[in-house]
Structure formats: C-alpha cells, structure tokens
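Have the structure open while reading.

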Amino acid sequence: MKFKELPSVKDQIKKCVRCGRCRTVCPIFAEIKNETAAPRGHVFMVQMLRDGVVEPDNSVYERLGNCLLCETCSTFCPSGIDIHELNAAARSYITEQKGSPGKHLIFDKLWCNPALLRMSSRMMWGAQTLGLQKLARTLGLTQLLPGDLPQAEKILTQVPRRSAREQLKEINPARGERKLRVGYFLGCGTDLFNPEVALAAVKVLTHNGCEVVIPRSMKCCGLPHVANGKLGTARELLRHNIREFSALKLDYIVTDCASCSSALSRKNLQFVLGEEEFSRQGIHFADQVVDLTVFLLEILKIDTKTLKMAGPFRVTYHDPCHLAKAQNIRQQPRELLKLIPGVELVEMVDADRCCGGSGTFSLTHYDLSSRVLDKKMENIKATECEVVATCCPSCTMQLQHGMARHQYPARVLHPVELLARAY
Ligand code: SF4
Ligand code: SF4
C-alpha cells in the first residue's frame with residue numbers, strides 16, 4: 001500500500017489535537033528537549049511529508065530516526081494515534097526514495113537469510129580477538145554500515161560461538177506424555193546472541209509435556225526492517241513465516257522475545273500486511289502466537305511441585321517496551337518469577353521505562369541510547385539486585401552493556417533461565 005494511503009497516515013494525523021501528552025512520556029524528548037524530537041513533532045513532520053511540504057530526504061529521516069519506536073507515546077495519546085506506526089511508515093517512504101547500498105545489503109540480503117546472518121555472527125565471534133572495529137575497517141564495512149560501528153563494538157561484546165539453532169534439534173520431543181505441539185519462534189537475537197535462553201525454554205517446555213518444533217525455514221520477524229525503513233521486506237518476511245508455521249499444524253507458537261511476539265501480533269500484521277491481506281491469512285497465525293511467560297503461566301500451567309531452589313537471588317524485572325506497551329503484558333513475567341523457589345522479586349522505579357536498546361537503535365544512535373540507559377541503570381542499582389530479569393534479547397544486550405558501563409555486577413537473564421535452573 002502507498003504511504004499516503006496507509007490508514008495511520010490518511011486518517012490518524014488529523015486526530016492530533018496538539019495536546020502534548022505524548023511529549024511528557026517520551027524518553028528521547030526527555031534527553032533532547034526539542035520539539036522536533038517530540039512525538040508530536042514527528043506527527044507534524046509526517047504530515048508535512050505527506051502533504052509535500054518537506055522532501056523525503058535524509059534530514060527528515062534523521063529527525064524521525066530520533067525515536068526508539070518504544071510505543072510509549074502511542075499508549076498515552078488520548079486520540080489513539082499510532083505514532084510509532086506513522087514514524088515507521090514515513091521512514092519506509094523516505095528509504096524507498098533515497099535508499100542506501102549499506103541498508104540494502106544488511107536488511108534485504110543479510111537479515112533475510114538466516115544462514116548468512118549466522119555466518120556474520122560467527123565472523124563477529126572470531127573478530128572478538130581482533131576487534132570488530134579493526135575488522136570492519138579492514139573490510140571497508142564502516143563505509144557501508146549505518147550508525148557508529150566503533151561504538152557498537154562496546155555492545156556486541158559477547159557473541160557466543162554456537163547459535164541456538166546449532167545446539168537444538170528441529171523436533172524436540174515432550175518428556176512423558178505429549179500434551180501440546182508447539183512451534184518455537186526463535187528470533188535472531190536469542191538465536192545468535194542469547195542461545196542459552198532458547199536452551200532453557202526448550203528444557204522447560206519439553207519437561208512440561210510440549211513437543212517443540214523449531215522450523216529451520218523460519219526467518220527474522222521483520223521488526224528490524226520496520227524500524228529501518230524496510231516495510232516491504234518486513235512484509236515478505238511475515239508472509240514467509242506465516243506460510244512456514246501454518247504448514248506445521250501446531251497448537252501454539254511461542255516466543256521468548258518481546259519484539260518477535262509484538263511483530264507477529266494482530267496489530268503489527270494489520271499494519272505491515274494491510275487490513276485486506278491480514279483478514280485473508282493472518283488472523284489464525286497471529287492468534288496462535290503467545291509470549292513464553294504467558295504460555296507457561298496461563299496456558300500450560302506449569303508443574304511447580306517439583307521445582308527446586310534456583311537461588312537465592314534478589315531479582316528485579318525490567319519491562320520490555322514491546323511486551324508492556326505493545327501488548328500490555330506486565331504481570332505474567334512477574335508471576336512466573338514469584339513461582340521460582342529462591343527468587344526474591346524487588347520492583348525498581350519506572351520498571352517499564354525504555355532501556356534505550358530498541359534493536360538497532362543502540363547501534364545507530366549510541367550516545368543517545370546510552371543516555372536513556374544511564375537513567376535505567378540508576379533505577380536498577382537502587383534495588384541492589386543480583387539479577388535483572390527481562391524478556392527481550394535487545395533489552396538483555398543493552399542492560400548487559402549497562403552493567404559493564406556502570407561496573408554493576410548483576411546478571412541479566414530471561415525468567416525462563418531461572419525457571420530452568422529450578423527443574
Ligand atoms: S498525545 Fe496524541 S493528540 Fe496529543 S499531541 Fe501527542 S500525538 Fe497529538
Ligand atoms: S515511540 Fe518512544 S521514543 Fe519514539 S516518539 Fe514515541 S515515546 Fe518517543
């Protein structure tokens with residue numbers, strides 16, 4: 001669908017009453033304190049883009065790029081405007097007019113091909129001894145890649161040698177009687193950077209009677225593409241994943257990753273595929289997708305009688321934006337943590353405030369992202385926790401970077417990793 005015809009662009013902009021409520025909650029506006037960086041300013045900018053008052057060029061993209069797509073503004077807007085969707089649609093419109101070879105290489109080629117993506121992460125693992133910055137310079141990649149790669153090196157410090165796909169089978173049988181056949185949507189972040197989360201998830205699911213299918217043909221959920229002006233590629237990825245998972249006759253599709261479950265939700269499918277295509281084929285698929293903590297707690301109702309002590313750990317929970325704001329999932333991860341013997345859950349102030357990670361944002365906007373992170377770290381440190389639990393690999397990487405940056409020795413784990421220790 002054309003940019004100007006998108007429902008958010010066509011119908012929603014006119015609902016903005018310029019009340020400024022979105023500004024009061026935006027973590028980026030809190031740092032930049034300039035109207036052009038405010039959600040309201042973005043709405044106005046998209047309107048000007050739509051009406052041809054400004055050209056779809058890099059300067060407009062850069063202004064709109066000062067946004068985490070965290071959805072906080074959208075949840076607070078009294079007019080119900082999906083501000084993050086407007087922003088993503090505009091980024092895509094500009095990228096269509098002014099695409100860059102680096103973006104094309106990364107998002108249309110590399111990030112659509114799981115084997116190539118795995119090979120790149122293996123190169124990164126190898127590069128850890130040489131230094132990513134040095135390797136990238138040697139290969140001339142600094143000319144091609146968006147953002148500040150030398151800074152990104154600080155975040156991509158711990159690339160595991162083997163991905164989750166390399167460690168897990170395609171079909172993982174249930175222990176004992178099979179209750180459910182479950183597809184596991186293994187996102188790129190968990191697969192390549194946090195494989196231990198996937199191992200823990202499969203352990204807990206199979207222990208509780210699930211046969212876990214990890215289709216080798218699955219690809220990225222498309223959220224990094226939505227964030228980087230590649231809506232068309234995101235659409236292709238969604239179509240592919242819907243086709244592949246639908247052929248498997250599954251009872252549910254679970255994912256440990258907040259970004260993946262929000263990318264595969266009804267709301268995002270409607271936005272990326274368009275209402276007409278969504279109605280034809282997206283509904284059943286979207287309704288099968290469940291966040292792992294919700295699935296374990298409310299659908300599977302896991303066996304807690306045999307749990308052993310996993311701690312003692314003083315644990316605080318960080319709400320990923322794509323779980324709390326995009327899907328209103330807040331209580332289930334906490335309830336799950338409370339079930340684990342040895343876990344003492346302590347709440348931090350503003351637990352649902354963005355950590356500044358937001359997928360590729362921390363790579364493309366390192367300094368700004370770090371300023372948002374520093375605020376989160378102060379709230380984490382005040383809890384005196386030993387573990388920060390969260391349900392998103394992007395948040396995990398960002399918070400791990402925060403621990404190193406602030407020399408605070410807490411570990412960052414998915415709740416399912418603590419749960420797996422108790423079985
Ligand atoms: S909260 Fe909504 S209506 Fe108010 S200024 Fe922001 S976008 Fe406009
Ligand atoms: S999505 Fe988040 S960062 Fe972007 S404008 Fe809205 S509140 Fe600010």
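Helices here are DSSP runs of type H or I with at least four residues, numbered from the N terminus. The model is predicted.

**Ligand 2**

Three helices, α3 (27–32), α4 (39–50) and α6 (72–76), each give at least two residues to the shell around ligand 2. The surrounding residues are C26, P27, I28, P39, H42, C67, L68, L69, C70, E71, T72 and C73. By class, nine residues of this shell are nonpolar, two are polar and one is charged.

**Helix pair α4 and α5**

Helix α4 also packs against α5 (residues 58–65). Their axes lie 10 Å apart, at an angle of about 155°. The two helices are therefore roughly antiparallel. Their crossing is left-handed. From α4, the residues H42, M45, V46 and L49 take part; they meet V60, R63 and L64 of α5. Five residues of this contact are nonpolar, one is polar and one is charged.

**The five-strand sheet**

This open sheet has mixed pairing and the order β1-β3-β2-β4-β5. Strands β1 (171–172) and β5 (289–291) are at the edges with a single partner strand each, so one side of each has no neighbour in the sheet. Inside, β2 (residues 180–184) and β3 (residues 210–213) run parallel and are joined by four bridges. G183 faces V213 of β3.

Two helices lie across this sheet. Helix α14 spans β1, β2, β3 and β4 (252–255). Helix α20 spans β2, β3, β4 and β5.

**The four-strand sheet**

A further open sheet is parallel throughout its pairing, in the order β7-β6-β8-β9. Its edges are β7 (343–345) and β9 (411–413); each has a single partner strand, so one side of each is without a neighbour in the sheet. Neighbouring strands are turned by 35° against each other on average, direction ignored. Strand β6 (residues 313–317) pairs with β8 (residues 387–389) in the parallel sense, over three bridges. Within that pair, Y317 has A389 of β8 as its bridge partner. Helix α25 packs on this sheet and touches β8 and β9.

**Helix directions on the sheets**

| Helix | Residues | Reference strand | Angle |
|---|---|---|---|
| α14 | 195–207 | β3 | about 145° |
| α20 | 292–299 | β5 | about 90° |
| α25 | 393–406 | β9 | about 170° |

Definitions and conventions: Residues numbered from 1 in each chain as written. Chains lettered and ligands numbered in written order. Predicted model: local features only at pLDDT ≥ 70, side-chain atom pairs only at ≥ 80, totals over all residues. Heavy atoms only, no water. Pairing = 2+ DSSP bridges. Contact = heavy atoms within 4.5 Å. Axes fitted to C-alpha atoms, helices over the stretch in contact; angles between N-to-C directions. Near = heavy atom within 4 Å. Nonpolar A, V, L, I, M, F, W, Y, C, P; charged D, E, K, R; others polar. Parallel < 35°, antiparallel > 145°, perpendicular 65-115°, else oblique. Left-handed = near helix turned anticlockwise from the far one by under 90°.
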